[in-house]
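I opened the notebook with a plain plan: to look up pockets, a helix and the ring contacts, one after another. The entries follow in the order in which I looked.

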Amino acid sequence: MAFIETLITIFLILVIVVIFAQGVVIIQPYEQGLQVRLGKYIGRMNPGFRWIVPFVSNVIKLDLRTLVIDVPSQEVITKDNSPTNVDAIIYIRVIDPEKAYFEVSNYRIATVALAQTSLRGIIGDMELDEVLYNRDVINTKLRDILDRETDQWGVKVERVEIKEVDPVETVKNAMTEQTAAERARRAAILRADGEKRSAILKAEGLRQSMILEAEGERQSKVLRAEGERLSRILQAQGQAQGLRILSVGAAPLDNRSMTVLTLDALKVMANGQSTKIIFPFELSQLIRQGAKFLGGTEETAEDITGRPTMDESILGDMPKPDTVDAILKEIQDAVPKVSEDELKDTIKRRLTVEAIKGDDTTSPVV
């Protein structure tokens, strides 16, 4: 009898322990518990060790951490009728456990379904190029829509990211052809611009070369003309000086001396090889002078004093070497000078132009 009572006692203790264990609930720090007893909501249960009435109470635990939900890929038609596969990622967090449990059967599935529907509507109002280049706009619009709709479920949409935009194969091929055509167009524009700049630089170099060549030729002509002018001036001054000496030396000569010189000139002309002789003076005058010479006549004092004398002032002032040097210096200063760097640049351009012309003449005609 005592043994049976002992067994009953042990059984009762075990039952009590099991019943007590059934009422033990442990809430994690990142969770929030909702206690429901006999179909009635009792209240929230904070993290830690908690005990409820077993068999008649139920505790629903909700995770309050940020959850990452993957929106499955779906085919969407854009505004320009381009089929595109789009998927996204949503970051949500439960901020009101009562609404998240009592207002919607499964807030995760509901959020995914709402994201798919809203994503189709947003992309349907945009062209394919806008979808590819304006992902931030899509993310912002989708987040605002989801956050407004899920607020009644006690869920906060923190962030939305479009993970991939994958057009169908035919659209990809068309985009590839469009990209290739655009690159070809840009290459043609760049090539034409390069050829234009090259032609401009060639023409500019040729123009500079011709200008410098003309300037050098002008300076050369100016210097050559000035040299010839000075040479003629000096020759004329030399001839004038010689005539001056002759006039001074011939002043004391009388008519007899001139007659002797004239006869000597006739003798020299007679020794020539020509058969025709032209006398540059009147023979009667020569004979008259020779007769006077043979007759021993002399000039009177009146003839000598009446002989015209030459005034040396008619020759003018003879320029000194310093004056000639000053004139040359003024001419050199008046001529524009070209620096050594400009001459080097001109030579380089001229060599470049000649090299280009040489390439053009040797290149085959297409």
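**Pocket.** I began with the lining of the second largest pocket, to which H6 gives the most, with six residues. The model is a predicted one, in which local features need pLDDT of at least 70 and side-chain atom pairs count only at pLDDT 80 or more, while totals for chains, interfaces and linings use all residues. Residues are numbered from 1 along each chain as its sequence is written, and side-chain values use heavy atoms, with hydrogens and water left out.

I noted that helix H4 (128–133) and helix H6 (169–250) are the elements that give two or more residues to this lining; helices here are DSSP runs of H or I with at least four residues, strands are runs of E with at least two, and both are numbered from the N terminus. The residues lining the second largest pocket include Asp129, Tyr133, Met175, Glu182 and Arg186, and its volume is about 230 Å³. For the record, a pocket is an open set of points on a 1 Å grid over the protein atoms alone, where a 1.4 Å probe fits, with protein on both sides within 12 Å along at least five of seven lines, and lining residues have an atom within 4 Å of a point.

**Helix H3.** I next looked up helix H3 (residues 107–124), which has 18 residues and reaches 26 Å from its first C-alpha to its last, close to the 26 Å expected at 1.5 Å a residue; the expected span is 1.5 Å times one less than the number of residues. Among its buried residues I listed Tyr107, Ala110, Leu114, Ser118 and Ile122, where buried means under 20% relative accessible area, exposed over 50% and partly exposed in between, with a 1.4 Å probe and protein chains only.

**Rings.** Which ring pairs did I find around Tyr41 and Phe102? By the pairing rule (ring centres of Phe, Tyr and the six-membered ring of Trp within 6.5 Å; planes under 30 degrees apart stacked, over 60 edge-to-face, the rest tilted), the count comes to three aromatic pairs. Tyr41 and Phe102 form one that is edge-to-face, at 5.3 Å centre to centre and 75 degrees between the planes. Because Tyr41 lies in strand S3 (residues 40–45) and Phe102 in helix H2 (residues 97–102), this pair ties together parts that are 61 residues apart in sequence. Tyr101 and Phe102 are also paired edge-to-face, at 5.1 Å and 85 degrees, and ring pairs link Tyr41, Tyr101 and Phe102 into a cluster. Tyr41 is partly exposed at 31% relative accessible area, as are Tyr101 at 35% and Phe102 at 42%.

Conventions. Grid points are joined across faces, edges and corners, and a volume is the space filled by probe spheres set on the points.
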